[in-house]
Amino acid sequence: TNLVDILEEFNDLSDEFDTNKISFFEFHQSIEDLVEEHLKYPLFAEIKKYRLSNFETFFLLDTIWDALRKGDNDFNTSVQITVDDYFKRKSESIHYFNKIIKGETKLTKLNLIELSKEQYINRSEVKLSDKMLKFLHEKEELLIDNFSESNKKLIQFNQIKSKELFYNTKEITQIKILENALHQTKFKELQENLSKRNLPKGIAILLHGAPGTGKTETVYQLAKLTKRNIYKVDISETKSMWFGESQKLIKKVFREYQEMQKTEKNCPILLFNEADGIISKRKEAGSSNVADTENAIQNIILEEMENFDGILFATTNLVKNMDTAFERRFLFKVLFENPDTEISAKIWKNKLAFLTKDEATRLAERFPFSGGEIENIARKSLMNELLNNTETTFYDVMQFCSQEKWGGNDGKRIGF
């Protein structure tokens with residue numbers, strides 16, 4: 001018998017009580033017996049030492065079981081449901097629900113659980129505190145993945161869909177260097193060596209170039225390959241109409257990222273997507289409130305990057321508009337250009353499998369599209385098949401291509 005088996009036994013008892021197979025008295029007594037019979041386990045010895053009430057013991061064990069069952073500590077335990085599972089009388093349920101919410105039980109006073117910050121009280125959930133997680137890890141050898149509120153903002157690497165990307169020769173070399181640098185063993189070794197030489201440990205990467213060339217998707221695929229979650233920052237969220245708020249939001253982003261670094265197994269990636277708006281050339285001071293706010297934001301980012309010890313990616317379409325102060329802050333700068341004819345033909349063939357090699361080459365030669373634009377054509381082709389119940393032909397694809405550009409020059413290469 002191990003601790004997990006005992007907790008499963010506890011869960012079975014809860015199910016029996018929930019389905020009225022045992023009485024409240026029997027359930028109450030069973031929890032007391034469970035603690036007394038297993039005092040050799042540090043968890044139950046701790047429960048006895050803390051003199052938790054029967055209900056508090058039930059609530060704590062249920063929270064531990066929920067974390068084990070779900071495989072993480074991501075606020076899996078509903079306060080309302082758990083209290084209702086123990087107290088059948090509504091008056092008692094309401095009383096103890098309020099005690100949990102107000103932090104009036106030993107569970108909160110002894111820092112054993114953490115309550116979520118919900119707008120609606122009846123939706124409140126709890127998770128194990130960092131103190132409890134550490135105790136279970138060190139004393140019971142139970143390792144449960146921890147999640148803070150901010151970790152919910154992370155894009156999980158295992159949820160990212162694999163996608164084949166095609167690069168020009170110059171890009172391939174640089175992307176390979178980044179992939180190697182971000183693999184965990186190499187990354188740790190790199191940081192240790194930088195630290196020994198009193199050099200900044202953080203790695204900041206700028207991906208710049210034309211829209212639709214795969215900058216953002218490259219970050220996603222590198223994250224998946226190196227098993228790193230992504231904290232993606234929506235730049236619009238940092239632009240507040242109220243002077244001063246934007247600066248607070250930017251500082252909050254970096255503080256949240258630092259917290260994530262503490263709880264993540266592998267250092268996550270901080271992604272500033274379409275970062276033109278926050279790394280562009282600084283405006284003349286005093287010219288407007290907006291200009292002063294943007295300058296203040298940039299100063300904060302520059303300061304944060306100076307002491308940054310994580311992984312930062314920024315993507316931009318307008319690198320020529322970037323403030324020179326940011327230039328040295330980015331260790332790697334990768335230029336993404338539209339695919340050359342050979343790579344473009346491969347993308348066409350990858351997106352539209354029915355094309356012959358010759359047809360793919362003809363499209364690549366005639367239409368200097370980015371990968372994103374080629375993907376648009378592939379989506380139109382699929383819609384055409386579904387809506388018109390017909391197979392898309394090479395002629396159809398040519399028509400879609402001629403409609404893709406605003407200028408109406410049918411995408412032909414001019415001046416090349």
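**Reading the model**

Guide: K251 lies in helix 12 (residues 245–263); helices are DSSP runs of H or I with at least four residues, strands are runs of E with at least two, and both are numbered from the N terminus. This is a predicted model, where local features need pLDDT of at least 70, side-chain atom pairs count only at pLDDT 80 or more, and totals for chains, interfaces and linings use all residues. Residues are numbered from 1 along each chain as its sequence is written, and side-chain values use heavy atoms, without hydrogens and water.

Visitor: Is K251 buried, exposed or partly exposed?

Guide: Buried means under 20% relative accessible area, exposed over 50%, and partly exposed in between (1.4 Å probe, protein chains only). K251 has 44% relative accessibility, so it counts as partly exposed. T226, in helix 11 (residues 215–226), is buried because its relative accessible area is 4%.

Visitor: What does T226 touch?

Guide: Contact means heavy atoms within 4.5 Å. Not counting residues up to four places away in sequence, T226 touches E179, L182, H183 and N266.

Visitor: How are two packed helices described?

Guide: By the angle between their axes and the distance between the axes. Axes are lines fitted to C-alpha atoms, for helices over the stretch in contact, and angles run from 0 to 180 degrees between N-to-C directions. Helix 16 (residues 357–366) and helix 18 (residues 394–402) pack at about 15°, with axes 12 Å apart. Helix 16 is therefore roughly parallel to helix 18; angles under 35 degrees count as roughly parallel, over 145 as roughly antiparallel, 65 to 115 as roughly perpendicular and the rest as oblique.
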